[in-house]
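Student: I would like to go through this model feature by feature. Please give the general idea for each, then the case at hand.

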Amino acid sequence: METADQERPLLQLQTHPQAVGSEYTSDASVDINNRPALKHCTGNWRACFLIIGVEFCECLAFFSISTNLVTYLTTVLHESKVTAARNASTWVGASFLAPLFGAFSADTYWGRYWTIAVFLPVYIIAMLILIASASLPVLSTCSNLGSNVHRPLVYLGLYLAAIAGGGVKPCTATFGADQFDPNDPVELAKKGSFFNWYFFLITTSSLLSGTVIVWLQENVGWGVGYVIPTVLMLFCFIAFLAGSRVYRFRKMGVSPIISIFQVVVAAVRKRHVKLPDNNSFLHELTSSPPEADASHKINHTNQFRFFDKAAIAPSDNESRAQMSSWRLCTMTQVEELKMLLQMFPTWASFVIYYAVSAQMQSTLVEQGMFMDNRVGSFAIPPASMSIVDIISVLIWVPVYETVLVPLARRFTGNDKGFTMPQRLGIGQALSMLTMVYAALLETRRLDVAEANGLTDQSLPVPMSILWQLPLYLMHGAANVFGTIGVTEFFYDSAPVTMKSLCAALGQLAVASGSIFNSLVLSLVAVATTHGGAPGWIPDNLNEGHLDYFFWMMATLNLLNLTLFVRYSMRCRGRGKASLFITQ
């Protein structure tokens, strides 16, 4: 258990040097009984297989819900097209917002192991609620009881799953990485392989959800589609608990979120205090903490000078020692907050980017529902088109590494081929072009519907759903430049003690994009249905103008890209010493 009691093994290692040897880990990790972790029987892949299995099942459950959620809401709950798209985006946003609170709980109170152990059963309960709502006849919307209970039960299961996923998502990758000793070269190499397999299994789970699970949901039953990930999750939960003795645990430090609030509170309290002319008078620790990951200091910068007031201290050292951390912070704490603030414009620019990504599970699925989905004798579920996006990523990643990077390196002279602003800018440009293609495709679809007299009929038009293929391929390329690029940006730009927090901020951008998309859909619904008009996104898309919505999203992306380019050029012109400029 990861509590303050874990300090005892650390003291044992410090006071009994003979205990330190090749049989123990050298990173101060402990086992489930708070004893120094033995290398030969804890950690490594023996523990990671169980942890990766948990994340695989969690992702399988998440994608089994999100990939086909808009179809479920329209066909089972009989929600309108715009309402279903808005509710699906809101749920995805909540699912990526929850990890911020899950990471805080794990870093501050429970630790990663117990956070997973607490939230995984909650996820299983949420899936059981969804299975019941989709399978039990008494809960059918056709019955008197079901008409009043069905919808609240579905949304109870959905948001309980979002909360539970928020506790599991941020802990599995970090807890898995904890199983390798960073001071052991052999285990450090295995740690890199862990992340490769971790993301490989996430991609595999999304592929299985977009193909097998979606097909079962639409051809066998929604309950069957939810049963499979639930059963797998139950088995993985049992295996996860059974393997408790092989895990390694790390001591919890000060929560980075608390550190941020301490700087803000201390600066506000000293808002009337004048800053010293000499920065050497600002408070900093004279020695580094014993933990290896915390032994760092950040040089002072002149940005956001207001927060420097948090480090203004009395002249005598005795008074400094007696002052609370909410009144006196170190200069390194202040600079960590400044680094986060410097990252904010880039974070904000990706809210619009992820709003486009939200269309892949909402409006583009609805567009596919009004197209001919037959390829020979096989009918492609519209939600399954998202697997093209995933396959596109798998294709573009090696192309990016083996072709584009060496080619770009010749022109830029940068070891990574593209600078970070270039990579992110290309991703945003491709995201914009995705919406342009979607708008042109919808315009063509409406023309075909009018030519075949389907304007007043809620029927698919004789236009193959395969016309959506270039759209998903283009968005996959955007993910390689934008999504993977911004993940790297958040990790590399983050302070040493805030890597997990910045990873959660990356997921917060996804959540914000989905919530922004829900807000835009609501505004569009209100603005375009005035006076009894069908609106841009009616239940019958043949009499609407979904193409106008796509053009609006493309325009927002163009404005966003313009602001991003101006910001990156202004930063370069000012010569800011940051990763964003140098890479």
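Predicted model: local features only at pLDDT ≥ 70, side-chain atom pairs only at ≥ 80, totals over all residues.

Student: Which residue forms a salt bridge with Glu335?

Tutor: Side chains of opposite charge can pair when their charged atoms come close. Here the partner is Lys338, with the closest N and O atoms 3.1 Å apart. Lys338 is at 0% relative accessibility and also counts as buried.

Student: Where do Glu335 and Lys338 lie in helix 11?

Tutor: Helix 11 spans residues 331–357, and because the two are three residues apart in it, about one helical turn separates them.

Student: Which residues are linked with Glu335 and Lys338 in a network of salt bridges?

Tutor: The network also takes in Arg305 and Asp308.

Student: How many salt bridges does a search of the whole structure find?

Tutor: The search finds eight. One of them joins Glu79 and Arg151, at 2.9 Å from N to O. That pair links distant parts of the chain: Glu79 is in the loop between helix 3 (69–75) and helix 4 (81–110), while Arg151 is in helix 6 (residues 144–177), 72 residues apart.

Student: Next, the rings. How many aromatic pairs does a search of the whole structure find?

Tutor: There are 27 aromatic pairs. To read one, take the distance between ring centres and the angle between planes; an angle over 60 degrees counts as edge-to-face and one under 30 as stacked, with the rest tilted. For Tyr113 and Tyr247 the centres are 5.8 Å apart and the planes are at 55°, so this pair is tilted.

Student: Where do Tyr113 and Tyr247 lie in the chain?

Tutor: Tyr113 belongs to helix 5 (residues 112–135), and Tyr247 to the loop between helix 8 (222–242) and helix 9 (256–269). The pair links distant parts of the chain, 134 residues apart. Tyr113 is buried with a relative accessible area of 3%, and Tyr247 is buried with 0%.

Student: What is the arrangement of the rings of Phe418 and Phe481?

Tutor: Their centres lie 5.7 Å apart and their planes are at 80°, so the pair is edge-to-face. Phe418 is in the loop between helix 13 (386–412) and helix 14 (420–451), whereas Phe481 is in helix 15 (residues 469–493), so the pair ties together parts that are 63 residues apart in sequence. Both Phe418 and Phe481 are buried.

Student: Which residues do ring pairs link into a cluster with Tyr113 and Tyr247?

Tutor: The cluster also includes Trp114, Phe175, Phe240 and Phe249.

Student: Over which rings does the charged end of Lys169 sit?

Tutor: The charged end of Lys169 sits over the ring of Phe62, at 4.2 Å from the ring centre. The charged end of Lys169 also sits over the ring of Phe96, at 5.7 Å from the centre.

Student: How many disulfides does the structure hold?

Tutor: A disulfide is a covalent bond between the sulfur atoms of two cysteines. The structure holds zero disulfides. For Cys57, the nearest cysteine sulfur is that of Cys236, 3.2 Å away, and Cys57 is in no disulfide. The cut-off is 2.5 Å between the sulfur atoms. Cys57 counts as buried at 2% relative accessibility, and Cys171 counts as buried at 1%.

Student: Last, confidence. What is the mean pLDDT of the protein chain?

Tutor: The mean is 81, and 85% of the residues reach 70 or more.

Notes: Residues numbered from 1 in each chain as written. Heavy atoms only, no water. Phe/Tyr/Trp six-rings, centres within 6.5 Å; stacked < 30°, edge-to-face > 60°. Helix = DSSP H or I, 4+ residues; strand = E, 2+ residues; numbered from the N terminus. Buried < 20%, exposed > 50% of the residue type's maximum accessible area, 1.4 Å probe, protein only. Lys NZ or Arg CZ within 6 Å of the ring centre and 35° of its normal. Salt bridge = Lys/Arg side-chain N within 4 Å of Asp/Glu carboxyl O. pLDDT = per-residue confidence, 0-100.
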